Amino acid sequence: MEATLKIPCTKARLKEVRRFTTAFLKNVVCPSKEKARIVLAVDEACANAIIHGHQCNESKQVDITLRLQNNRVHVIIYDIGITNFNPDAHYKKDIRKLVKDQQKGGMGLKIMYSVMDDIKYRKKQGKNVCEMAKKINVMPAEQTATHERIPCSTN
Amino acid sequence: MLILIPSGELDAHSAIKMDRVIGEAVQNGYAKIIISGSRLTYISSAGVGVFVSYLDEVRESNGNFVFCHLKSSVLDVLKTLGLDKVFIITETIKEAKTSL
């Protein structure tokens, strides 16, 4: 199962990213808390690409691909923004230091690294690629549909 | 004391508006601010970041941010960041008022 979404680089479209990710995870059977955390991680990664990668330039684009493979949710985000991004410099910052420094940013990566099992940033054909993966428990869609069927009254 | 009841989703887009609201409140002398999460369905790091950025300022004025009525998904974000140990979080508004 795979799905792709392309959005212009504007924060107003993050809602669409969350809807897209939620819809993709609909038939994946795992705790709703886990699904919510994956949606959050995708939102954070896309916000970083939009804000830091492209400075919210609407003429630029971010591509998001979600793939379910071998009981893992794979997230691949492409953008053509800044180079030499070093996530280590950000997500390892102490939260109390962020509070002390009154920093609004720097916490998105902390969330991504907390939620996802693997995160890689690399360059591919001139684009920045953020790849994330998380292991989950899945069930075939037919069984999921049975599980989600709402019992109706015969009265 | 100021009680805010944000509704909907607080993400990198809507955080700009929240930043303006908190900024104006702090500028007008409010330091004890309660955030009721009863209508808040989602928060991202950008939303949380608004409160983080004003925390020192309100504390310097003997105030604080207190969160109450948080939905589990919103509370989970604060816990993931370790901010449940930084902000005051209560169940009810009554408890929130008492804590300030």
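A salt bridge, for my notes, is a side-chain nitrogen of Lys or Arg within 4 Å of a carboxyl oxygen of Asp or Glu.

**Ground rules**

I am working on a predicted model, where local features need pLDDT of at least 70, side-chain atom pairs count only at pLDDT 80 or more, and totals for chains, interfaces and linings use all residues. Residues are numbered from 1 along each chain as its sequence is written, chains are lettered from A and ligands numbered from 1 in the order in which they are written, and side-chain values use heavy atoms, with hydrogens and water left out.

**Entry 1: salt bridges**

I searched the whole structure and got 13 salt bridges over all chains. I looked up Lys6(A) and found it bridged to Asp63(A), with the closest N and O atoms 3.3 Å apart. Lys6(A) sits in strand β1 (residues 2–8) of chain A and Asp63(A) in strand β2 (residues 61–69) of chain A, so this pair ties together parts 57 residues apart in sequence. Helices (H or I, at least four residues) and strands (E, at least two) are DSSP runs, numbered from the N terminus. I also noted that Asp63(A) is buried, at 10% relative accessibility. The scale I use is buried under 20% relative accessible area, exposed over 50%, and partly exposed in between (1.4 Å probe, protein chains only).

Next I checked Glu16(A) and Arg13(A), whose side chains meet at 2.6 Å, N to O, in a salt bridge. Glu16(A) is partly exposed at 23%, and Arg13(A) is partly exposed at 27%.

Then I went to Lys134(A) and Glu34(A), which form a salt bridge at 3.3 Å, N to O. Lys134(A) is in strand β5 (residues 127–135) of chain A and Glu34(A) is in helix α2 of chain A, so the pair joins parts 100 residues apart in sequence. Lys134(A) is buried, with a relative accessible area of 9%, while Glu34(A) is partly exposed at 22%. I also found one network of salt bridges with shared partners, joining Lys15(A), Arg18(A), Asp43(A), Glu9(B) and Asp11(B).

Asp79(A) lies in strand β3 (residues 72–79) of chain A. Setting aside neighbours within four places in sequence, I listed the contacts of Asp79(A) (heavy atoms within 4.5 Å). Among them are Ala49(A), His54(A), Gln61(A) and Lys127(A).

**Entry 2: where the chains meet**

I found 24 residues of chain B in contact with 26 residues of chain A. The area buried between them is about 2100 Å², and carbon and sulfur atoms give 61% of it. Buried area is the accessible area (1.4 Å probe) that two parts lose on being put together, summed over both. Five salt bridges cross this interface. I also looked up Lys33(A) and Asp76(B), which meet in a salt bridge at 3.8 Å, N to O.

Asp76(B) is one of the buried residues in helix α3 (residues 72–80) of chain B. The buried residues of α3(B) pack against α2 and α5 (108–115) of chain A, and against β4 (40–43), α2 (45–60) and β6 (88–90) of chain B. After α3(B) comes Gly82(B), with a positive phi near 75 degrees.

**Entry 3: the rings**

I counted four aromatic pairs over all chains. Rings of Phe, Tyr and Trp (its six-membered ring) pair if their centres lie within 6.5 Å; planes under 30 degrees apart are stacked, over 60 edge-to-face, the rest tilted. Phe51(B) and Phe67(B) are edge-to-face, 5.2 Å centre to centre with 85 degrees between the planes. Phe51(B) is buried at 1%, and Phe67(B) is buried at 2%. Phe65(B) and Phe87(B) are edge-to-face too, at 6.3 Å and 75 degrees. Ring pairs link Phe51(B), Phe65(B), Phe67(B) and Phe87(B) into a cluster.

**Entry 4: the core**

Which residues touch the most other members of the largest nonpolar core? Of its 72 residues, they are Ile64(A), Met132(A), Phe51(B), Phe65(B) and Leu83(B). Such a core is a set of buried Ala, Val, Leu, Ile, Met, Phe, Trp, Tyr and Cys residues joined through side-chain atoms within 4.5 Å. Helix α2 (residues 32–53) of chain A gives the most to it, with 10 residues.
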